[in-house]
Amino acid sequence: MPIQKPNSQTAPIHDVNNNYKVVRYLDIVKFLSILQNESIFFCRIDKLEDKFEGTSPKPNLKIQEAFYRELYELGELKSENIEESIKKDVLERKEMEERFKKLCCVSCWNKFTVESYAMWKIYSNMNKGIIITSSIEKLHKAFENTSEIIQLTEIKYINHETDYIENPGNLNSPIIHKHKAYSFEEEIRLIYQVDTKDKFDYDWDSEKNKNGMNLKVNLDFLIDEVILSPYSEPWYYEMIKDLMEKYSLKKNLKYSILK
C-alpha cells in the first residue's frame, strides 16, 4: 500500500511537499538486517531514548486542565472534588499517550545536504558506520507494494515548556513533534501504527522482536547509494562491497567526504 496521502480524515502530520534527499545513519548490524530481510525496522516510540517522545507539551496540558474545569463548572461533568477530578482527567490523558506510544512504530530519516560528524558519531559506529541515501520520492516508490498503512511526516521541533501544538485532541499530534534539543537531526519520520483488536493494547509478546516491526520494502527503489564512515578501513570497504554483491544491491559505494 502506498504511503498514505493526508486528508481531513487521516491523522495529522506535517506534510512533505517537496522532493529532497534523505539519509539514514546505521551501524553494520542494522545495514545487514535491511539486506537480509529486505525490510526496514520500525521502532516502537516508547523504546526511543528521548523521554519527550509522543508527549504533550506543558501549554497543552494547561489547556486540558482549563477545558475540564469549564466542563465541571458548567455542570456537564460532576464531581465532589473538582480539583482532584481535573488532576485525574489530565493523568488519564497522559496515560493514554503512553499506551499509544506502544502502538506507534517509526523509521527515522534525516534531511541531507551535507554529512554530519555528530550524526556519524551518535547513530553509527565511527569505524564501521554506514549511510544509506534516498529521497522523498524514493521513499514513496519503495513502499508502494507494502501491505501496511504508513504515514510520512516532517518533524517539528518545540520547547515542551513553552510551545503549544495544534490538534491536541489527536494522539498523533505529539508523535510528529520532538524536543528542540534534537533539532540538528532534521528528522523525516515514517510512522506505522500496529493493527489492534483492542484500541490501546497489542500483544508484543507474540512478536519475535518486541521492540518494533520489520516492514517489507523495495530496496532497489529505496537506496540510492551507500556511504562509509570517515574512519573505515579498506578491508571494511571490501566487506561491504561483498555484502552488497551477495544480496544483489547494485548501488554506488563510496567513502565519506570527511575521510
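The buried residues of helix H2 are Pro59, Asn60, Leu61, Gln64, Tyr68, Leu71 and Tyr72. Buried means under 20% relative accessible area, exposed over 50%, and partly exposed in between (1.4 Å probe, protein chains only). This is a predicted model: local features need pLDDT of at least 70, side-chain atom pairs count only at pLDDT 80 or more, and totals for chains, interfaces and linings use all residues. Residues are numbered from 1 along each chain as its sequence is written, and side-chain values use heavy atoms, with hydrogens and water left out.

H2 covers residues 58-73. Helices (H or I, at least four residues) and strands (E, at least two) are DSSP runs, numbered from the N terminus. From first C-alpha to last, the 16 residues of H2 reach 23 Å, close to the 22 Å expected at 1.5 Å a residue. The expected span is 1.5 Å times one less than the number of residues. The buried residues of H2 pack against helix H3 (82-101); contact means heavy atoms within 4.5 Å. Just after H2, Gly75 takes a positive phi of about 85°.

Now the rings. The structure holds 6 aromatic pairs. Rings of Phe, Tyr and Trp (its six-membered ring) pair if their centres lie within 6.5 Å; planes under 30 degrees apart count as stacked, over 60 as edge-to-face and the rest as tilted. Phe42 and Phe143 have ring centres 6.2 Å apart and planes at 90°, so this pair is edge-to-face. Phe42 lies in strand S2 (residues 39-44) and Phe143 in the loop between helix H5 (136-142) and strand S5 (150-154), so the pair ties together parts 101 residues apart in sequence. Both Phe42 and Phe143 are buried.
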